[in-house]
Amino acid sequence: MTENPPNPNATTERSLHRSSESGDAIRITEADDQWLLEGVQLKDQKAMATLFDRYSGMVYSVALRVLKDQGHAEDIMQEVFFQVWQNPQAFVPRRGSLAAWLLVVTRNRAVDALRRRRPSDSVDDVVLAAAENIAVESERRALMEKARLALAKLSPEQQQSIELAFFEGMSHSEIAERTGDPLGTVKTRIRSALLSVRRAFQP
Amino acid sequence: MTDNAHIPAETLALHALAALDSAESAAVRAHLAQCEACRAELARARGDLALVAMSVDQRPLPEGARERFLGRITEQAGSASQSAPAVVIPITAKPHAKRAAAWPALSGWLAAAALLLVSAGLGLKIRTLSRQLDATAQQLDAQIDHNRHAHQVLDLLTAPTAQHVMLTAGKTPPAPSARAVYLAARGALVLEASNLKPLPPAKAYELWVIPASGAAPIPAGLFWPDATGNASVVMPKIPWGVAAKAFGVTIENDAGSATPTAPIVLAGAAPAPGD
């Protein structure tokens, strides 16, 4: 600890910038979302900006995919990140990776907006199990590609079920009505599709 | 669906998607409140949803979205700091009933003093945390510099395009030679060899650590010279804390050997550590 420390924010910025010049160092800093969240708890705006830069593209893209409207999608993205700024404690590491948590919260908020209904879950209630750490850009891209491939391998019926349930926010009875399939078939199809995606990520 | 029977995974997946009807959803919530196993399965289903979300094609943010967000948090941070003085309790003078008001006034001052103390304590805490953050960042900086330097050294030693030049006293024909750098306490070893003769098929050079204790030689890595006779062994997996008496290189089958095979083609006695 120095007697006259420089501006902590400036030091943080320097560390993040310099780390990007060396491969291993990227892992040291980029992997640590929790470290950035601790900065957010101290109201470090640079830490929040780093998280925003890291995940806003994913968050916005999911909201846009659901809402199909740039303005509404940005509203959802702003709301999600502002909640992180105001209440970073809502995400705790045991709830999985920050990116996965952001994506699920965003999808739920976007579907709520699409269906014009009250938020179905508080962010504090969104607990998920996701081991993938995608703080590093290259790993993020690789996982996205893997996810696209996993979805592309689903049967057309499974793809349609995921489209209607995940991206259009339809209930299982609405999907059954739309597709003409029995309710049980719809339930099984959605579950099996999600399991197939999960298996694609298992070693 | 009862408290004793777990919720089917299919139903939990639909609950994660918010795709259940409201009555079903309420029943699931009631069960989840008291069932750890079903909460865990729901968490897994939400993990699956995150994977589906990752499949979405990336779109660029609308122009100015970043600035709008940063402006919003700056504004919020500013208003939060401006609202901080509001915790000061206003003390108003009461001209009448002075004696009766004495204790409430005193308690008001005490409360204000307590608040000031708490504020000072919080301020100190924030400064301490900021300094800790700064110190951590500085340590990280130092570590990054250290790692970068180590990488540069390793890159130099192992780069196939690096020039290896042996300086000698006169026009002596180049002879096979090697230089080993060894740190017993960390089990760290780097060997750089030059002018090695080409190997017969299915053979490899093998490096050996000869322990000072008289124990059996320890294999420390196989290596093959390049076209110009250069080769290196960098940080082989060897035990830590073995004091070395010497190092040797033999020619072995390319799968390696547990014991050195004569002849020893290169050898060197280890000086005392630090010499």
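Predicted model: local features only at pLDDT ≥ 70, side-chain atom pairs only at ≥ 80, totals over all residues.
**Chatting through the hairpin, sheet and loops**

Colleague: In the hairpin of β3(B) and β4(B), which residue takes a positive phi?

Modeller: That's B:Gly214, with phi near 90 degrees; the hairpin has 6 residues between the strands. Helices (H or I, at least four residues) and strands (E, at least two) are DSSP runs, numbered from the N terminus.

Colleague: What's the order of the strands in the open sheet?

Modeller: In chain B the order is β4-β3-β6-β7, an open sheet of 4 strands with antiparallel pairing. β4 (218-223) and β7 (264-269) of chain B stand at the edges with a single partner strand each, so each has one side without a neighbour in the sheet. On average, neighbouring strands here are turned by 20 degrees against each other, direction ignored.

Colleague: Which residues does the cis peptide bond join?

Modeller: The cis bond joins B:Ala262 and B:Pro263, with omega about 5 degrees. You'll find B:Pro263 in the loop between β6 and β7 of chain B.

Colleague: Back to positive phi. Where is B:Asn195 found?

Modeller: Look in the loop between β2 (188-194) and β3 of chain B. B:Asn195 is not a glycine, yet its phi is positive, about 55 degrees. B:Asn195 counts as partly exposed because it has 16 C-beta neighbours inside 10 Å. For reference, buried takes 20 or more other C-beta atoms within 10 Å of a residue's own, exposed 12 or fewer, and partly exposed is in between, with C-beta atoms placed from the backbone.

Colleague: And B:Met235, where is its place?

Modeller: B:Met235 sits in the loop between β5 (231-234) and β6 of chain B. Its phi is near 50 degrees, a positive value in a residue other than glycine. B:Met235 is exposed, with 12 other C-beta atoms within 10 Å.

Colleague: Zooming out, how many helices and strands are there in chain B?

Modeller: Chain B has 5 helices and 7 strands. Along the sequence, the pattern is α-α-α-α-α-β-β-β-β-β-β-β. Of the 275 residues in chain B, 23% are buried.

Colleague: Switching to chain A: at what angle do α8 and α10 pack?

Modeller: Helix α8 (residues 156-167) and helix α10 (residues 183-200) of chain A pack at about 95 degrees, with their axes 9 Å apart. Therefore α8(A) and α10(A) are roughly perpendicular to each other, a label for angles of 65 to 115 degrees. Axes are lines fitted to C-alpha atoms, for helices over the stretch in contact, and angles run from 0 to 180 degrees between N-to-C directions.

Colleague: Which residues in α8(A) and α10(A) meet?

Modeller: On the α8(A) side they include A:Ser161 and A:Ile162, and on the α10(A) side A:Ile190 and A:Ala193 are among them. Contact here takes C-beta atoms, placed from the backbone, within 7 Å.

Conventions. Residues numbered from 1 in each chain as written. Chains lettered and ligands numbered in written order. Pairing = 2+ DSSP bridges. Parallel < 35°, antiparallel > 145°, perpendicular 65-115°, else oblique. Contact = placed C-beta atoms within 7 Å.
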